[in-house]
Amino acid sequence: MRLTCRLLFAGCVLWSFSVTAAIEPISTSIAVGMAAALTGFLARYQNVLYYFQECCRPEWISCNKTGLKNDLNTKLYGQHVAAQVILKAVTGFMNNENPKKPLVLSLHGWTGTGKNFVSQIIAENIYEKGMTSNFVHLFTATAHFPHEAHIDTYKTQLQEWIRGNVSICPRSMFIFDEMDKMHPGLIDSIKPYLDFYDNLNGVSYRQAIFIFLSNAGGESIVQVALDFWRDGREREEIQLKDLETALSLSVFNNKNSGFWHTSLIDKNLVDFFVPFLPLEFKHIIQCGLAEMVSKGRAPDKEVVETMARDLNYFPKEERVFSMQGCKVIPARLDFYI
């Protein structure tokens, strides 16, 4: 059996090594002595350490409200409801040094509407290293929890991973992608960490952030968007109150959702159900132009419009909303350039 040992100092993971269970006593003494010596040295030069090594400190973790607002307003297209909710929820939570519970956001909508992109924007405006931070943890249902027969093992592993990482850094972020593909009941295993507890077994989870991403509930969001369009109302008139209740019920009662009959919803532990609206032709154009810039090319509206017209839209005759959203644009655009 192998054991992994980590040296922690002031919220930083500085040194990690693995040993076998049958380690020699002298090796253990050397390792402990080295750790003690290194700890003493670092105590004298900790300010230098904070500069070079990512730590769970304000130098590395703080909310850039101006950056978050700018990114949501200029990089996220067609999602005025989501942008408003995310900005207020995240900045309000991060400005509170002693929140009553972790921040729990559930992002819903069809593929390509910006859910993953928004989770990246949030991470980039809180953590200096963004999605590559040691304190940002991404779980994908099909990759991390593929087999229903192993659900009990997954529950234990998930609990241990969250507990261990929050112990290292209370301001940790956990992102769960493909919640619509997660086995029902699995996510209930972390319910205690999302609740109103000061601490559990000496660990406080109240400063952590949990973000769930799901396609579930997309149909109810699309229906509201279609109703507004058919009534001749502007898309920007849609508000959170027009969607949130129907969305939470839809997700809760969807047997194909990881949230099916979950106590997270039943006990009101999800702070916001954030709807992502289906994108229109004009939003696809915006995504295409931005993609050209990211590829180092001069934006060419004619090329982007040609690409956008070849995508699928619904309703079939009116072609109002994109079926694929912006997710396919990076690959599709290469064909037209």
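Figure 1. A disulfide, defined as a pair of cysteine sulfur atoms within 2.5 Å, joins C287 to C326 with an S to S distance of 1.9 Å. C287 belongs to helix α12 (residues 281-294), while C326 is in the loop between β9 (321-322) and α14 (329-336); the pair thus links distant parts of the chain, 39 residues apart. Helices (H or I, at least four residues) and strands (E, at least two) are DSSP runs, numbered from the N terminus. The link of C287 and C326 is right-handed, with 75° about the S-S bond.

**Figure 2. Overview of the predicted model.** This is a predicted model, in which local features need pLDDT of at least 70 and side-chain atom pairs count only at pLDDT 80 or more, whereas totals for chains, interfaces and linings use all residues. Residues are numbered from 1 along each chain as its sequence is written, and side-chain values use heavy atoms, with hydrogens and water left out. The secondary structure comprises 14 helices and nine strands. Of the 337 residues of the protein, 47% count as buried. Among contacts (heavy atoms within 4.5 Å) with a separation of 6 or more, 72% are between residues 24 or more positions apart. The average pLDDT, the predictor's confidence in each residue from 0 to 100, is 87 for the protein, and 83% of the residues score at least 70. Over residues 16-26 the pLDDT is below 50, and this stretch has 17 contacts in the model beyond near neighbours in sequence.

**Figure 3. The disulfide of C56 and C169.** By the distance rule for sulfur atoms, the model holds two disulfides. One of them joins C56 to C169, with an S to S distance of 2.1 Å. C56 lies in the loop between α2 (46-52) and α3 (65-74), and C169 in the loop between α7 (151-168) and β5 (173-177), so the pair ties together parts that are 113 residues apart in sequence. The link of C56 and C169 is right-handed, with 70° about the S-S bond. C169 has 0% relative accessibility and counts as buried. Another cysteine, C63, counts as partly exposed at 23% relative accessibility.

**Figure 4. Helices α12 and α14 in contact.** Two packed helices are described by the angle between their axes and the distance between the axes. The axes of α12 and α14 come within 10 Å and cross at roughly 75°. Axes are lines fitted to C-alpha atoms, for helices over the stretch in contact, and angles run from 0 to 180 degrees between N-to-C directions. This angle makes α12 roughly perpendicular to α14; angles under 35 degrees count as roughly parallel, over 145 as roughly antiparallel, 65 to 115 as roughly perpendicular and the rest as oblique. In α12, I284, C287, G288, E291 and M292 meet I329, P330 and L333 of α14. The residues of this contact of α12 with α14 comprise six nonpolar, one polar and one charged. Ala, Val, Leu, Ile, Met, Phe, Trp, Tyr, Cys and Pro count as nonpolar, Asp, Glu, Lys and Arg as charged, and the others, Gly among them, as polar.

**Figure 5. Helices α3 and α4 in contact.** The axes of α3 and helix α4 (residues 80-94) come within 10 Å and cross at roughly 170°. With this angle, α3 is roughly antiparallel to α4. K65, L68, K69 and L72 in α3 meet A83, I86, L87, V90 and T91 in α4. Six nonpolar, one polar and two charged residues make up the contact of α3 with α4.

**Figure 6. The surroundings of H137.** H137 is placed in strand β4 (residues 136-140). With a relative accessible area of 6%, H137 is buried. Apart from its neighbours within four places in sequence, H137 is in contact with W161, N165, S172, M173, F174 and I175.

Figure 7. P315 lies in the loop between β8 and β9, and a cis peptide bond with omega of about -10° joins F314 and P315. R319 is also found in the loop between β8 and β9. Phi of R319 is near 50°, a positive value in a residue other than glycine, and R319 counts as partly exposed at 38% relative accessibility. N312 is in the loop between α13 (301-309) and β8 (313-314). Leaving aside neighbours within four places in sequence, N312 is in contact with F321, S322, M323 and Q324.

Note on methods: Buried < 20%, exposed > 50% of the residue type's maximum accessible area, 1.4 Å probe, protein only.
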